[in-house]
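I opened my notebook to look up a few things in this structure. Here are my entries, in the order I made them.

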Amino acid sequence: GYEGYRFVGNSLYDGLTRYDLKQGDSVPKIVPGLAESWTPNADGSVWTFVLRQGVNFSDGTPFNADAVVFNLDRYLNPSAPQYYAAAAGTAAISLGGVKSYTKVDDSTVEIATNGPLSHLPSDLVFVYMGSPTAIQKYGNTEYANHPAGTGPFLMESLTRGQQMVLTPNKDYWGGAPKLDKLILKPIPDTSTRLA
């Protein structure tokens, strides 16, 4: 489900924006993720995102504006070779208001919306960026077994339906996680999960 998507996604990947989860007393604010800053035009229908520099995907591919456009094409452009309908369906929740997107330069992307969209920064939190190199190498379906993101963890192993073992990304731009291993186990039954 969507909870699993976010749990795994937030461990392996980053979005352009993210929630500030360092406190639990109030609704978290949207803070920089892979974008260091963003600015809307006067009516909020065009947003300019300045990207974080010096970030690499876990396979060594540089994160830049080309990677953002590649990922947005994967979610939104049916004529792109990397378009992935399954991912597009999930991303549609967040990207439904996006009209177009363009690379301004290596560290800047502009996103136009279908009209004023003040909540675009919060919509982008769960639009995860994957390595274009890995996606092209493995293809959309096999890529899930070889994920390459910019997130705080790396996938060590995956046993479908049983567990995913993650290890810290020592090169994480936000600082390496302070645990040796993270094991995610799916519990599909709601009452069992609640117990």
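This is a predicted model: local features need pLDDT of at least 70, side-chain atom pairs count only at pLDDT 80 or more; totals for chains, interfaces and linings use all residues.

**Entry 1: a charged pair**

Lys103 has a relative accessible area of 37%, and Asp106 has one of 49%. Since buried means under 20% and exposed means over 50%, I noted Lys103 as partly exposed and Asp106 as partly exposed too.

**Entry 2: the network**

I then found that Lys103 also forms a salt bridge with Asp66, at 3.1 Å from N to O. This pair joins distant parts of the chain, with Asp66 in helix 2 and Lys103 in strand 5 (residues 98-105), 37 residues apart. Asp66 has a relative accessible area of 42%, so I wrote it down as partly exposed. Putting the pairs together, I get a network of salt bridges that links Asp66, Lys103 and Asp106. My reminder to myself: side chains of opposite charge can pair when their charged atoms come close.

**Entry 3: one more bridge**

How many salt bridges does a search of the whole structure find? I got three. One of them joins the side chains of Lys181 and Glu156, at 3.5 Å from N to O. Lys181 sits in the loop between strand 8 (163-168) and strand 9 (182-184), while Glu156 is in strand 7 (residues 153-159), which puts them 25 residues apart. I marked Lys181 as partly exposed at 43% relative accessibility, and Glu156 as partly exposed at 47%.

Is Thr167 buried or exposed? Thr167 is buried, with a relative accessible area of 19%; the cut-off for buried is under 20%. I placed Thr167 in strand 8. Leaving out residues up to four places away in sequence, Thr167 touches Pro152, Phe153, Leu154, Glu156 and Asp180. I was pleased to meet Glu156 again here, as a contact of Thr167.

**Entry 4: two helices**

Next I turned to helix 2 (residues 65-76) and helix 3 (residues 85-95), whose axes come within 8 Å and cross at roughly 105 degrees. The two helices are therefore roughly perpendicular to each other. Helix 2 brings Leu72, Tyr75 and Leu76 to the contact, and helix 3 brings Ala87, Ala88, Ala91 and Leu95. I sorted these contact residues by type and got seven nonpolar, no polar and no charged.

**Entry 5: the core**

Which residues touch the most other members of the largest nonpolar core? My answer is Leu16, Phe63 and Ile111, out of 42 residues in this core. Helix 2 supplies the largest share, seven residues. Among the other elements that each give at least two residues are helix 3, strand 5 and strand 8. I also listed contacts of Phe63, not counting residues up to four places away in sequence; they include Leu16, Leu34, Leu51, Val68 and Met129. Asn56 and Thr150 are among the contacts of Phe63 as well. A last reminder for my notes: in soluble globular proteins, nonpolar side chains tend to be buried together.

Definitions and conventions. Residues are numbered from 1 along each chain as its sequence is written. Side-chain values use heavy atoms; hydrogens and water are left out. Axes are lines fitted to C-alpha atoms, for helices over the stretch in contact, and angles run from 0 to 180 degrees between N-to-C directions. Helices (H or I, at least four residues) and strands (E, at least two) are DSSP runs, numbered from the N terminus. Angles under 35 degrees count as roughly parallel, over 145 as roughly antiparallel, 65 to 115 as roughly perpendicular and the rest as oblique. Contact means heavy atoms within 4.5 Å. Ala, Val, Leu, Ile, Met, Phe, Trp, Tyr, Cys and Pro count as nonpolar, Asp, Glu, Lys and Arg as charged, and the others, Gly among them, as polar. A salt bridge is a side-chain nitrogen of Lys or Arg within 4 Å of a carboxyl oxygen of Asp or Glu. Buried means under 20% relative accessible area, exposed over 50%, partly exposed in between (1.4 Å probe, protein chains only). A nonpolar core is a set of buried Ala, Val, Leu, Ile, Met, Phe, Trp, Tyr and Cys residues joined through side-chain atoms within 4.5 Å.
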